[in-house]
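Biologist: I'd like to learn how to read a structure like this one. Could we go through it together?

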Amino acid sequence: MDLRFCDTLSRKERTLSPTRGRPLQMYVCGPTVYSASHVGHARAYLVFDTVRRFFLAQGQPLRHIQNITDFEDKITRRAIQEGISWEELSRREARGFFGRMGELNILRPDATPASSHYVRSMIALIRRMERKGYTYTRRGAVYFDASRSIGSSNFSADEFLSAHAVPEPGGEALPEAEDPRDFVLWKPTRPPAPSWPSPWSRGMPGWHIECYAMASRYLDLPMDLHGGGLDLIFPHHYAENLISTALRGTPFAQHFLHNAFVTMDARKMAKSTGSLVTIREALETVSPGGLRSYLLSRRYDQNLEYSTYEAVQRDGEWELDQCTLVDLVRGNGGEGYPVSRLEGRFDEVLAAVGNHLGTNAAMRTVHEIAEDIRRSGYTRLARGERTAGRRTLARYELLLGLPLTVRSEAQ
Ligand SMILES: [Zn+2]
């Protein structure tokens, strides 16, 4: 079954199809690790976990790469405040990030490269662009000259320049770029900020070259799917496309998929504004499965206004549905709920996810199945159907990442 979605680059509906053999390739922009992950992060990575699970559930391998940005101004500032090195802080926060993702049953990507390990590759890529005439240098900083770029489709810089966007971290006072569409590839830095030697100055790479360097190390470009939050379209994914066009004549990816936000009081949940609920805080009131189920209850391209009340309510509904399903496959004998009714609706749930990642519709169907079981009056499967029942529910589990055959989480 294909995944149908709106490709944010072409703004058209596209499909991603199982390839029968070759793994699909996906790169997701990972977190900048300097403080605890919040519910907005959980939702973003859950969206791409769902893409992966949609194909895994059909036996289609998908290579999933997601970086860790482990050096950046905010990391440096926080490390200074805490009196530790940026390496120590970013290692600790990266551990915390993967811990929280694991609690929410978000599959660990196949590789999670940390930016600081790829600085030499980034320097080599910048030199290649320099030799091709795509860059200019100002007092030790190297800029990509966007006016030199030709051909190849890209996001519209003019449209996004004024829109909400995650800006390139400023760092020390950088010389002005010649054009607002230009972006920094290398910038000079001084301790305690991280710095590496380079042909231009002692400093650090710009943000956009990081993901290009790591993606090109692990994947064949253009990859099948590149993802992140909507606020990464400009300048980040715009810049990655320019870099890719300069170096290899193609956009970075064949398709782009961007998730909407979790909001609080209609503002995007973000570390930088402090309007957030950390995953740990959320898990004090709802179970991991309940939080996952709540986040899946809204389609990826619609904002979700976080409400503790709704999360708790969803957690209760989820717990009841989970109990119904887990109890059903615990036993069998005599008359019971026919496994064919469980099997029969799996494709419906898969199709819901394949239709623009309609996890909301998928979760509704799971709820209907649980209600159907409760209405039937049976609390077990029919004789001889237990193995088939468990196997079927395991398919639902793989697709949705929710425990349905065992209550493996603390309630
Ligand atoms: Zn990125």
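Predicted model: local features only at pLDDT ≥ 70, side-chain atom pairs only at ≥ 80, totals over all residues.

Biologist: How much area do domain 1 and domain 2 bury between them?

Modeller: The size of an interface is often given as the accessible area lost when the parts come together. Here the two domains bury about 780 Å², with 78% of it on carbon and sulfur atoms. On the domain 1 side, Arg-53, Phe-54 and Ala-57 lose the most area to domain 2, together 60% of what that side buries. Domain 1 spans 21–268 and domain 2 spans 308–400; such bounds come from an automatic or database domain assignment. Their C-alpha centres lie 38 Å apart.

Biologist: Which residues are the protein donors of the zinc ion?

Modeller: Donors are N, O and S atoms within 2.8 Å of the metal (3.2 Å for Na, K and Ca); water is not among the atoms, so sites may look incomplete. In this model they are Cys-29 (SG), Cys-211 (SG) and His-236 (NE2), lying 2.0 to 2.1 Å from the zinc ion. Cys-29 sits in the loop between β3 (24–28) and α1 (39–56), while Cys-211 belongs to helix α6 (residues 207–218), 182 residues apart. Helices (H or I, at least four residues) and strands (E, at least two) are DSSP runs, numbered from the N terminus.

Biologist: Is Cys-211 buried or exposed?

Modeller: Buried means under 20% relative accessible area, exposed over 50%, partly exposed in between (1.4 Å probe, protein chains only). Cys-211 has 1%, so it counts as buried, and Cys-29, at 7%, is buried too.

Biologist: What order do the strands of the open sheet have?

Modeller: Strands of a sheet pair through backbone hydrogen bonds, either parallel or antiparallel. Two strands count as paired if DSSP finds at least two bridges between them. This sheet of 4 strands runs β5-β6-β7-β8, with antiparallel pairing. Its edges are β5 (135–138) and β8 (203–205), each pairing on one side only. Between β5 and β6 (residues 141–144) there are 4 bridges, and Thr-137 has Val-142 in β6 as its bridge partner.

Notes: Residues numbered from 1 in each chain as written. Heavy atoms only, no water. Buried area = accessible area lost by both parts, 1.4 Å probe.
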